[in-house]
Amino acid sequence: MVLMAPLNRLLLAAPLLLALVLGGCASEDGGNGVQSEKLNTIRSRGKLLCGVDGKLPGFSFVESDGRYSGLDVDICKAVAAAVVDDPGKIEYRNLNSSERFAALASGEIDLLSRNTTETLSRDSAGGNGLSFAPTTFFDGQGVMVPVASGVKSLKDLAGKPICVESGTTTELNLADRMREIKAAYTPLKFQTGDQTYTAYLGGRCVAVTSDRSQLAAKRTSFPDPKAHELLPEVLSKEPLTPATVNADPAWADAVRWTIFSLFQAEELGITKANIAAKLAEAKAKPNLADLRRFLGVEGDFGKQLGLPPDFVVKAVSAVGNYGEIFERNVGATSKLKLERGLNRQWSEGGLIYSPPFR
Amino acid sequence: MSHSLEPAAAPRPPWWRDRRVMPWLVQAFVGLVILVVIAFLLGNLVRNLTAAGLLLSWRWLGQPAGFDLSESVLPFNAEMPYWRGLLAGLVNTLRAVGFGLVGATLLGTLLGMASFSSNGLLRRLAAVYVEVIRNIPLLLQLVFWYFVVFLSLPNGTEALQFPGVVLAKSGFYGAGFEAGWHWQGPHLVNGVWQAPLRLSVEFTALLTGLVAYTGAFIAEVVRGGIAAVPKGQWEAAASLGLHWATTLRRVVLPQALRVIIPGLNSQYISLAKNSSLAVAVGYTDLYSVAETTLNQTGRAVEVIVLLLGAYLVLDLLISALMNGLNGLVQIRER
């Protein structure tokens with residue numbers, strides 16, 4: 001990929017153009033039940049095409065054994081488990097910030113699970129036309145500086161070069177915040193995260209700005225992580241959210257409720273370890289109506305979404321509940337050691353909230 | 001009654017065997033088919049874009065951009081509209097291409113001439129340079145110049161200082177005239193270098209890479225041009241007692257130009273296109289601004305159309321200039 005000329009990168013948009021030029025009309029809705037072109041395509045293909053970053057420890061990262069891991073990756077796995085009944089049947093596509101929306105719009109990927117901030121212009125039909133699932137990580141934009149630089153706040157960065165990845169919301173937020181405090185600065189924009197952090201570590205910039213989780217994640221792979229610190233200022237709200245295209249609401253719903261099921265499972269205390277026992281309990285006791293509906297023992301929630309009746313069982317068996325996913329990848333037991341903060345359950349003062357399964 | 005000398009008009013063949021009719025009909029038919037296919041594709045494009053709510057619109061060009069540029073010849077800030085940002089990017093691209101063309105031509109001509117030098121060391125050095133540079137991808141070279149060479153430069157008081165010139169990680173500084181024709185060299189202000197002439201390391205890395213790379217190709221074009229001049233010309237000049245450098249300048253190069261210029265044309269065009277690799281080293285060129293614009297507006301098709309148009313026009317302009325130049329140096333038939 002390194003050898004690809006940027007103009008060739010434009011060709012990434014070519015499938016989009018081609019799809020728009022050659023693409024026919026949407027197929028007619030026939031028969032009863034849920035009709036989703038995307039769901040049918042994924043089922044007949046037998047695997048999910050999931051767009052990830054691929055270079056961000058904790059979120060999506062290729063391990064030394066070649067397997068993908070991370071919070072974003074686990075979302076892909078949960079959806080794959082619910083749709084094609086196998087969390088392993090996923091083809092990952094590593095995308096940079098500039099490629100991601102074109103890849104989604106052209107149908108090159110089914111689901112974008114790549115630390116993408118939900119915004120109005122990305123969601124709206126007149127903008128990028130995406131359909132956002134529930135937010136899987138509530139983040140904020142931060143600034144990282146070398147401890148030795150003596151920079152203590154955003155104001156100290158006036159007149160200094162700041163490294164930022166182009167095509168991100170962070171690029172715009174940086175411009176807004178610096179304009180607010182009336183500080184001139186030099187934004188050095190790079191196309192990929194690798195280039196951005198290499199230039200920062202090379203000393204070209206006094207600071208690098210991105211989502212706070214991403215800065216913490218990248219710092220773990222620095223030669224000397226302790227030599228770098230995050231400024232206390234949080235520049236923006238960054239709800240990192242998986243997305244699908246607007247055109248297929250049934251597919252978007254399937255993704256949305258698969259993710260909600262991970263939230264709900266945590267709320268109900270259902271984990272990867274005890275799901276089999278919970279399922280047996282639900283089957284044995286007809287009075288546990290909520291649990292029976294949630295796990296698909298009774299009712300037809302799965303069918304309504306165009307998914308198998310036990311899609312919740314499949315998803316949670318594959319990756320565990322949201323709390324387990326968080327702890328495993330970015331929480332206290334991981335290298336990143338992030339606080340749960342806003343990402344706690346609503347019942348504990350956080351923002352993770354699933355609407356009722358009813 | 002005079003007898004007509006012309007042969008009696010042959011009876012006209014039926015239209016399907018008429019040489020004057022059939023080729024026209026066939027061409028008209030093929031043309032019609034192409035038109036229908038294009039109309040179908042365009043119609044489909046518009047229909048699908050409409051369905052996706054993405055019908056082409058250019059109104060966003062007037063909206064405030066909201067992002068800053070790290071460097072711009074044209075004054076630019078975040079409150080100015082997108083079109084102004086794209087224009088600033090285009091001017092930055094033209095700056096890199098302009099300096100690149102001059103530098104690569106000088107380097108290439110010198111190298112091409114050196115390969116005919118009577119000095120064997122110089123000849124071999126030129127050959128080694130061309131073979132090494134030509135066979136390494138440009139992107140790798142740019143990344144090398146930027147991340148390995150220029151970002152290893154020291155900063156502040158430890159910067160490399162030469163009379164009138166300072167090379168630092170933050171940029172290259174040169175002496176020049178300040179307001180009031182006052183000669184001013186690079187100097188430190190609060191640990192930051194200041195000078196009348198300043199080039200960012202991003203621009204310098206891009207320029208170095210483009211000049212070094214395209215220079216190697218131009219050297220080959222120049223070498224080919226010189227080699228195309230008959231050996232007799234060299235021998236005739238030598239028998240007059242001319243030095244090889246004088247021979248080259250006065251006798252051989254003027255004739256070699258006729259062969260060189262068409263070859264230069266394509267090298268110039270690739271330099272202009274290769275300048276879009278600037279994005280790899282953080283230089284704010286047209287492609288870089290366009291990419292940011294595309295991501296902020298979501299107007300993929302429009303931005304790409306603008307980009308394609310800009311590079312196409314730039315390359316066609318270079319081509320037209322070179323063709324004009326070519327016309328000037330060709331042998332005039334009298």
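In the predicted model, the buried residues of helix H3 of chain A pack against strand S1 (48-52), helix H4 (71-84), helix H10 (249-267) and helix H13 (301-305) of chain A. Contact means heavy atoms within 4.5 Å, and buried means under 20% relative accessible area with a 1.4 Å probe, protein chains only. Helices (H or I, at least four residues) and strands (E, at least two) are DSSP runs numbered from the N terminus. H3(A) covers residues 37-45, and its buried residues are A:Lys38, A:Leu39 and A:Ile42. Seen down the axis of H3(A), these residues fall within an arc of 100° and so line one face of the helix; the arc is that of the directions from the helix axis to the C-beta atoms. A:Gly46, with a positive phi near 85°, follows H3(A).

Chain B contains nine helices and eight strands. The radius of gyration of chain B, taken over C-alpha atoms, is 28 Å, whereas a compact globule of 334 residues would have a value near 20 Å by the rule of 2.2 Å times the number of residues to the power 0.38. The C-alpha trace of chain B spans about 105 × 75 × 40 Å along its principal axes. Of the 334 residues in chain B, 43% are buried. Among contacts in chain B with a separation of 6 or more, 61% are between residues 24 or more positions apart.

Residues are numbered from 1 along each chain as its sequence is written, and chains are lettered from A in the order in which they are written. Local features need pLDDT of at least 70, and side-chain values use heavy atoms, with hydrogens and water left out.

Note on methods:
Predicted model: local features only at pLDDT ≥ 70, side-chain atom pairs only at ≥ 80, totals over all residues. Buried < 20%, exposed > 50% of the residue type's maximum accessible area, 1.4 Å probe, protein only.
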